[in-house]
Amino acid sequence: MTKLNIGIVGACGRGAKFKTACDATEIATIHAVCDLNEQELSGARERLGAREQYTEYEQMLDKSDLDAVIIGTPMHLHAPQAIAALKRDLHVLCEVTAGVSIDQCRELVLATKASKGIYMMAENYNYTKPNQLVKELVQQGLFGTPYYAEGEYIHELKHMNEHETPWRRHRQTGIDGITYGTHSLGPILQWMPGDRVKRVCCEGSGIRHIDGTGKPYCQSSSTMLCKTEKEALIKIRVDVLSDRPHSMNNYQLQGTDGCYESSRGGPNDKDKIWLRKLNKELTWTDLQAFETITELANKYMPQDWKEAGEAAAKAGHGGGDYFVLLDFIDVILGKRPPIISIHEALDMTLPGLISQDSITQEGAWLEVPDSRKW
Ligand SMILES: NC(=O)c1ccc[n+]([C@@H]2O[C@H](COP(=O)([O-])OP(=O)(O)OC[C@H]3O[C@@H](n4cnc5c(N)ncnc54)[C@H](O)[C@@H]3O)[C@@H](O)[C@H]2O)c1
């Protein structure tokens, strides 16, 4: 295969962000764009260098000569649009989350199983440099056995909810529980390979904010506790309402032989790490310190990361938007197995959906279904 024709749906929004990465691959061509926004669609087509434009998604799937689609539309459309593409045996790279209900997720699994197309979820936070480095260090055994982790997505988005992307007002701040948790849970699950969340409980901090129409938002800050098959414990907090500085990349990992704490973005805050093998004393090392990151990166980062340099940096989200696409292309070409295929996508998505039931049952512990059994 010398060329991969890609169609982007949601091309006037998030979908457009994949252009830099597509260009860098040389093989991925943005062939068609689709968006409901007729006013901005021609501009998006020109900017993305696409040949064709559509306002109807199914029409793009049926008429355009595509190999794959990138789905960057609002969350509730992800599963139905992925299923429509998979039914036509197209490959799918879909934004997070995989689905907004258990029924949607089950249908998505069945469609993926029946399709010749590959499904991958675009969880770009798994691919940022510190998160990739921690993954590699875990794989090399430097953390020993990871058994505790925390992830937080704290990103005040009230204006966006009410004015720019009103779908968020329904899908992210109209429902109690963890509605947007994959950025936090995704990287953590890749640090606990072979494990999955088997049950969750969730509680909220109360309703502290109302929107411009006087309607209450969902609970301002929600925390989900996750118990995994291998007895690890994970704490996930999502808060897109509280007035405070952003902090979307908060992670902690504890293993038997090492621990990691990311910066929370404060003035003197740093990503820091302790690994028994490198430091007998129980003291932190600044992960970003030039010698530390260079030494660890040279030794442990995957070759792609070492070579990518500027192209990755330009693509957004700390290189995440670049590497997620690179993986997708490599998986289609058969160069590597999918890293975030359907079951990994649902391992990240289903706990949040179940947390939305838990929070309505006073924080009851509830089982998380295993999509591998569907
Ligand atoms: N991974 C990340 O870092 C990241 C960052 C931002 C957004 N997102 C995700 O990307 C998705 C889009 O977010 P956004 O902020 O760009 O939203 P947005 O509302 O700005 O953009 C979505 C676009 O989809 C279009 N659209 C809606 N329904 C459509 C349909 N039926 N057919 C064709 N086009 C349709 C809209 O017109 C709009 O241009 C969301 O799921 C969001 O969670 C992920």
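**Exercise 1. The surroundings of Leu108**

Leaving aside the neighbours of Leu108 within four places in sequence, determine which residues Leu108 is in contact with. Then decide whether Leu108 is buried or exposed.

*Solution.*
Step 1. In this predicted model, once neighbours within four places in sequence are set aside, the contacts of Leu108 are Ala79, Ala82, Ile83, Ala98, Gly99 and Ile342.
Step 2. Leu108 belongs to helix H5, which spans residues 102–114.
Step 3. A residue is buried if 20 or more other C-beta atoms lie within 10 Å of its own. Leu108 has 28 C-beta neighbours inside 10 Å, and therefore it counts as buried.
Step 4. For Arg264, the separation from Leu108 is 156 residues in sequence and 35 Å in space, taken from C-alpha to C-alpha.

**Exercise 2. The packing of H5 and H14**

State how the axes of H5 and H14 are oriented to each other, and identify which residues meet.

*Solution.*
Step 1. Two packed helices are described by the angle between their axes and the distance between the axes.
Step 2. The axes of H5 and helix H14 (residues 342–358) cross at roughly 175° and come within 11 Å.
Step 3. Angles over 145 degrees count as roughly antiparallel, and H5 and H14 are therefore roughly antiparallel to each other.
Step 4. From H5, the residues Ile102, Cys105, Leu108, Val109 and Thr112 meet Ile342, Leu346, Thr349, Leu350 and Leu353 of H14.
Step 5. This contact of H5 with H14 comprises eight nonpolar, two polar and no charged residues.

**Exercise 3. Helix H6 and its partner H10**

Describe the crossing of H6 and H10, and explain why H6 is largely enclosed by the rest of the structure.

*Solution.*
Step 1. Helix H6 (residues 129–139) packs against helix H10 (residues 290–300) at an angle of about 60°, and their axes are 10 Å apart.
Step 2. H6 and H10 are therefore oblique to each other, and their crossing is left-handed.
Step 3. Leu133, Glu136 and Leu137 of H6 meet Leu296, Ala297 and Tyr300 of H10. The residues of this contact are five nonpolar, no polar and one charged.
Step 4. Of the 11 residues of H6, eight are buried, so H6 is largely enclosed by the rest of the structure. Among them are Lys129, Asn131, Leu133 and Leu137.
Step 5. The elements against which the buried residues of H6 pack include strand S7 (146–154), helix H9 (182–190) and H10.
Step 6. Just after H6, Gly141 has a positive phi of about 85°.

**Exercise 4. Backbone exceptions**

Determine where Glu231 and Glu362 lie, and which residues a cis peptide bond joins.

*Solution.*
Step 1. Most residues other than glycine have a negative phi, and most peptide bonds are trans.
Step 2. Glu231 is not a glycine, yet its phi is positive, about 75°. Glu231 lies in the loop between strand S9 (222–228) and strand S10 (233–239). Because 9 other C-beta atoms lie within 10 Å, Glu231 is exposed.
Step 3. Glu362 also has a positive phi, near 55°. Its place is the loop between H14 and strand S15 (366–367). With 8 C-beta neighbours inside 10 Å, Glu362 is exposed.
Step 4. The cis peptide bond joins Val96 and Thr97, with omega about 0°. Thr97 is in the loop between strand S5 (91–94) and H5.

**Exercise 5. The ligand shell**

How many residues surround the ligand, and which are the closest?

*Solution.*
Step 1. The ligand is surrounded by 20 residues, and Gly10, Cys12, Gly13, Arg14 and Glu95 are the closest.
Step 2. By class, the shell around the ligand has nine nonpolar, eight polar and three charged residues.

Terms used:
Residues numbered from 1 in each chain as written. Predicted model: local features only at pLDDT ≥ 70, side-chain atom pairs only at ≥ 80, totals over all residues. Near = placed C-beta within 6 Å. Nonpolar A, V, L, I, M, F, W, Y, C, P; charged D, E, K, R; others polar. Helix = DSSP H or I, 4+ residues; strand = E, 2+ residues; numbered from the N terminus. Buried ≥ 20, exposed ≤ 12 C-beta atoms within 10 Å, placed from the backbone. Contact = placed C-beta atoms within 7 Å. Axes fitted to C-alpha atoms, helices over the stretch in contact; angles between N-to-C directions. Parallel < 35°, antiparallel > 145°, perpendicular 65-115°, else oblique. Left-handed = near helix turned anticlockwise from the far one by under 90°.
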